[in-house]
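Have a look at the model first, then read on.

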Amino acid sequence: MSDLSGIIKAYDVRGTVPDQFDERTARAIGTAFVEMLRESGDDADQIVVAHDMRESGPGLVAAFARGANASGTAVVNIGLASTDELYYASGSLGLPGAMFTASHNPAKYNGIKMCRAGAKPVGQDSGLAVVRRRAEQLLDDLNAEADGPSRVESRDLLADYAAHLRSLVDLSGIRPLKVIVDAGNGMGGHTVPAVLGDQVLPALPLQIVPLYFELDGSFPNHEANPLDPANLVDLQRAIREQGADIGVAFDGDADRCFIIDEKGDPVSPSAITALVAKRELAKFPGSTVIYNLITSAAVPEIITENGGKPVRSRVGHSFIKAEMARTNAIFGGEHSAHYYFRDFWFADTGMLAAMHVLAALGGQSSPLSEFAAEFERYSASGEINSTVDDAKARIAAVRKVFAGAEFDELDGLTVALPDGAWFNLRASNTEPLLRLNVEATKPDRMASLRDEVLAIVRG
């Protein structure tokens, strides 16, 4: 019996090619995706697909399209794209979509992020479990692989995607900025010239200095994972050496962006969340903004100070998007550098977040390090992973030590202490890990609390 539980996870499909994820599997998932959509009452006469720069992408997309065609569904293939460009296609065309990417994973991986029309996410509880079960049945049925008539249309939406983003953030009147962009050989090298450069639209007051814009799914320079500080070193060095105003790093599928100031220091994603929230609330006063529970305490403070309604969410895009839809939130941010916009079908787009930062920086004279300080109020540990044998037992041990503190179990265990310090301890869904985030008003207090919790977790 086929078992796809190893590659179909909570939010997407992801595995090594071809041993875990091959074209036959992609074909079965294509059929299963269409059948799931129809069973849930969605229009599935046509779907849109795209792929990132990984070598295995085109073949997997073609196989997925054959599976969709076999169920009588036509396919619009927009070819090379970032994940947020696929979301743009799904939203603007009103079609379900499938993006072939493994995001920041190493070269041997590939995967699929699926959505319903309007870029609505498909996760374990919203159709992905059904896709998995049906795909497993198809793989076990040797008679299920007959191809139907090929109905695949190729379209290029890059210019339309760029124009849409430009319509949401006006950069034409900002002061000139020197911007170094590290695409990590990922899809930022495809989208940045179109959106921020003059490849398809009039030039902006931006001098874009490219780092690793060549599309190469083998990632010859460094992993396309800016969450790892080792992958920011080249960008930080270039900023300091070239006197740039700002640096931007994208992950492999360019749905996340990381911001580096003119000194070469990272600006925390929590600060970016607060900065963008302030800008969006200026346009839409009184709106709701979603933040996940491991972002800085400064985020809800700044949302409230700017007249917004902060709503706290569990970690993960499915929870953020669900809360945004429920509350009609204008914006949502995560500490992992995913940023979600109501004007972008509630979907995440690193490019739009970067444009907001460029507009804010270019609209005033201070350097980014000074400007961002307004949003960096506390000292944070960042996420620290610990390998454990029994996550529940370790969390129980932490709870016992901190008995008397304020507990919250929205997502893992959040402990709030009387002096304003807090920490969150969450178990990974896929690995034997506990993830710790700590924040306090002062660096020494943060460090002592971090070390105290880690001693219990690892003890």
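1. Keep in mind throughout that this is a predicted model. Let me begin with the second largest pocket. Sorted by class, its lining has nine nonpolar, five polar and five charged residues. The space inside comes to about 320 Å³. Of the 19 lining residues, those closest to the centre are Ala297, Arg312, Thr414, Ala416 and Trp422.

2. Which elements give two or more residues to that lining? They are helix H9 (298-305) and the strands S20 (406-408), S21 (413-416) and S23 (433-440). S21 gives the most, with three residues.

3. On to charge pairs. The whole structure has 22 salt bridges. One of them joins the side chains of Arg27 and Asp147, at 3.0 Å from N to O. Arg27 sits in helix H1 and Asp147 in the loop between helix H4 (128-140) and strand S7 (152-154), so this pair ties together parts that are 120 residues apart in sequence. Arg27 counts as buried at 7% relative accessibility, whereas Asp147 is partly exposed at 49%.

4. Glu301 belongs to helix H9 and Arg377 to the loop between helix H12 (368-373) and strand S18 (379-380), so parts 76 residues apart in sequence are tied together. Arg377 is partly exposed, at 32% relative accessibility, and Glu301 is partly exposed too, at 28%.

5. Please check the Arg426 and Asp411 pair by eye. Their side chains meet in a salt bridge with an N to O distance of 4.0 Å, and the cut-off for a salt bridge is within 4 Å. The pair links strand S22 (residues 422-427), where Arg426 lies, to the loop between S20 and S21, which holds Asp411, 15 residues apart. Arg426 is buried, with a relative accessible area of 9%, and Asp411 is buried at 10%. Separately, a network of salt bridges links Lys113, Asp253 and Asp255.

6. What about Asp261, a buried residue that has no salt bridge? Lys263 is the nearest side chain of opposite charge, and it is 6.3 Å away. Asp261 lies in the loop between strand S11 (257-260) and strand S12 (266-267). Leaving aside residues up to four places away in sequence, Asp261 touches Ile239, Asp245, Val267, Leu368 and Ser369.

7. Ile239 is found in helix H7 (residues 233-242) and is buried, with a relative accessible area of 0%. Beyond residues up to four places away in sequence, its contacts include Ile180, Ile246, Ile260, Asp261 and Glu262.

8. Finally, some backbone geometry to look over. Val17 and Pro18 are joined by a cis peptide bond, with omega about 0 degrees; Pro18 lies in the loop between strand S1 (13-16) and helix H1 (23-39). Ser103 is not a glycine, yet its phi is positive at about 55 degrees. Ser103 is in the loop between strand S4 (97-100) and strand S5 (109-116), and at 4% relative accessibility it counts as buried. Ala337, not a glycine either, has a positive phi of about 75 degrees. Ala337 is found in the loop between strand S15 (331-333) and strand S16 (339-341) and counts as buried, at 0% relative accessibility.

Terms used
Residues are numbered from 1 along each chain as its sequence is written. This is a predicted model: local features need pLDDT of at least 70, side-chain atom pairs count only at pLDDT 80 or more; totals for chains, interfaces and linings use all residues. Side-chain values use heavy atoms; hydrogens and water are left out. Helices (H or I, at least four residues) and strands (E, at least two) are DSSP runs, numbered from the N terminus. Buried means under 20% relative accessible area, exposed over 50%, partly exposed in between (1.4 Å probe, protein chains only). Lys and Arg count as positive and Asp and Glu as negative; His and the chain ends are not counted. Contact means heavy atoms within 4.5 Å. On a 1 Å grid over the protein atoms alone, a cavity is a set of points where a 1.4 Å probe fits but cannot get out, and a pocket is an open set with protein on both sides within 12 Å along at least five of seven lines; lining residues have an atom within 4 Å of a point. Grid points are joined across faces, edges and corners, and a volume is the space filled by probe spheres set on the points. Ala, Val, Leu, Ile, Met, Phe, Trp, Tyr, Cys and Pro count as nonpolar, Asp, Glu, Lys and Arg as charged, and the others, Gly among them, as polar.
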